[in-house]
Amino acid sequence: MHSPPVDSPPHAPGPGIAVRVAAAVALPSVLLLVLVAMSWDPLIALDGDIARTTHRWAVDDPDTTQTFRILTDWVWDPWTMRALCAVAVLWLVLHHSAWWLALWLTATCVLGTLLQQGLKAAVDRKRPVWTDPVDSAHFAAYPSGHAMTATVVCGLLLWLLHLYGAGRVLWRIALTLSVVSVLGVGLTRIWLGVHWSSDVLGGWLLGVLAVALAVASYTRFQGTAELR
């Protein structure tokens, strides 16, 4: 039996899986946030060891460093990710007239960005400082905006593909590209010396939490609406 095409009508599953994912990542997300805010010595030491090692690699391998700069500044940049989200919104509106779903997708991306910027301002963590930097970045370090934005956008797009019944081949391609993008952008930020490793981990955790809560809220709302 073939999987239905991506144009098939959406059927949102119950919120159970999303709620369980949110519950699983909520505690480590909060714990890491607290440890970073408290400047917990073992975490700071580990971050420093990783940063010094990867920075040495970045300085010694300028070709890889330049490739990572292109990837992080253009391919996996937060604005590129938001552009992908905008394309999905247009697809929902123009191809399916799914105005509420498009609005939910937009609101989730906006709220994720606001959460990210709010935490940056609240924690106000300093970025790594090098005498021989290979790249530069602005604003506070925690959480990594690149890592969190990629996680939120890729997670939402994968959920949309699942919602519209994407075929097996398309799903596997999208899943592979999403995993490579989310992991890749985080690694480039550490390699380029603009983030501590815990900044990236925090971005990943908070991104997963944001997607899980958003999906749970949407599926619960959708289920309630169908009962009316």
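In the predicted model, C154 is buried, with a relative accessibility of 9%. The closest cysteine sulfur to that of C154 belongs to C109 and lies 11 Å away, which is too far for a bond. A disulfide is a covalent bond between the sulfur atoms of two cysteines. With a cut-off of 2.5 Å between cysteine sulfur atoms, the number of disulfides is 0. A further cysteine, C85, is also buried, at a relative accessible area of 6%.

C85 and C154 both take part in the packing of helix 4 against helix 6. Two packed helices are described by the angle between their axes and the distance between the axes. For helix 4 (residues 78–96) and helix 6 (residues 145–163), the angle is about 20° and the axes are 9 Å apart. Because angles under 35 degrees count as roughly parallel, helix 4 and helix 6 are assigned to that class. The crossing of helix 4 with helix 6 is left-handed. On the side of helix 4, the contact is formed by P78, M81, R82, L84, C85, A88 and L92. The residues contributed by helix 6 are G145, H146, T149, A150, V153, C154, L157 and L160. By class, the contact of helix 4 with helix 6 comprises 11 nonpolar, 3 polar and 1 charged residues.

Helix 6 also packs against helix 5 (residues 99–123), here at an angle of about 160° and with an axis separation of 10 Å. Since angles over 145 degrees count as roughly antiparallel, helix 5 and helix 6 are described in that way. Helix 5 and helix 6 cross in a right-handed sense. Helix 5 contributes L101, W104, L105, T108, C109, G112, L115, Q116 and K120 to the contact. These residues meet G145, M148, T149, V153, L156, W159, L160 and L163 of helix 6. The contact of helix 5 with helix 6 contains 11 nonpolar, 5 polar and 1 charged residues.

Backbone geometry was examined in the loops. The peptide bond between Y142 and P143 is cis, with omega of about -5°. P143 is located in the loop between helix 5 and helix 6. Positive phi values in residues other than glycine occur at S39, with phi of about 55°, and at S97, with phi near 55°. S39 lies in the loop between helix 1 (16–37) and helix 2 (41–60), whereas S97 lies in the loop between helix 4 and helix 5. S39 is partly exposed, at 42% relative accessibility. S97 has a relative accessible area of 52% and is classed as exposed, because the cut-off for the exposed class is over 50%.

In helix 1, attention was given to A18. A18 is buried, with 10% relative accessibility. When residues up to four places away in sequence are not counted, A18 touches A212, V215 and A216. A18 and V75 are 57 residues apart along the chain, and their C-alpha atoms are separated by 28 Å.

Technical notes:
Residues are numbered from 1 along each chain as its sequence is written. This is a predicted model: local features need pLDDT of at least 70, side-chain atom pairs count only at pLDDT 80 or more; totals for chains, interfaces and linings use all residues. Side-chain values use heavy atoms; hydrogens and water are left out. Buried means under 20% relative accessible area, exposed over 50%, partly exposed in between (1.4 Å probe, protein chains only). Axes are lines fitted to C-alpha atoms, for helices over the stretch in contact, and angles run from 0 to 180 degrees between N-to-C directions. Helices (H or I, at least four residues) and strands (E, at least two) are DSSP runs, numbered from the N terminus. Angles under 35 degrees count as roughly parallel, over 145 as roughly antiparallel, 65 to 115 as roughly perpendicular and the rest as oblique. A crossing is left-handed if the near helix is turned anticlockwise from the far one by less than a right angle, and right-handed if clockwise. Contact means heavy atoms within 4.5 Å. Ala, Val, Leu, Ile, Met, Phe, Trp, Tyr, Cys and Pro count as nonpolar, Asp, Glu, Lys and Arg as charged, and the others, Gly among them, as polar.
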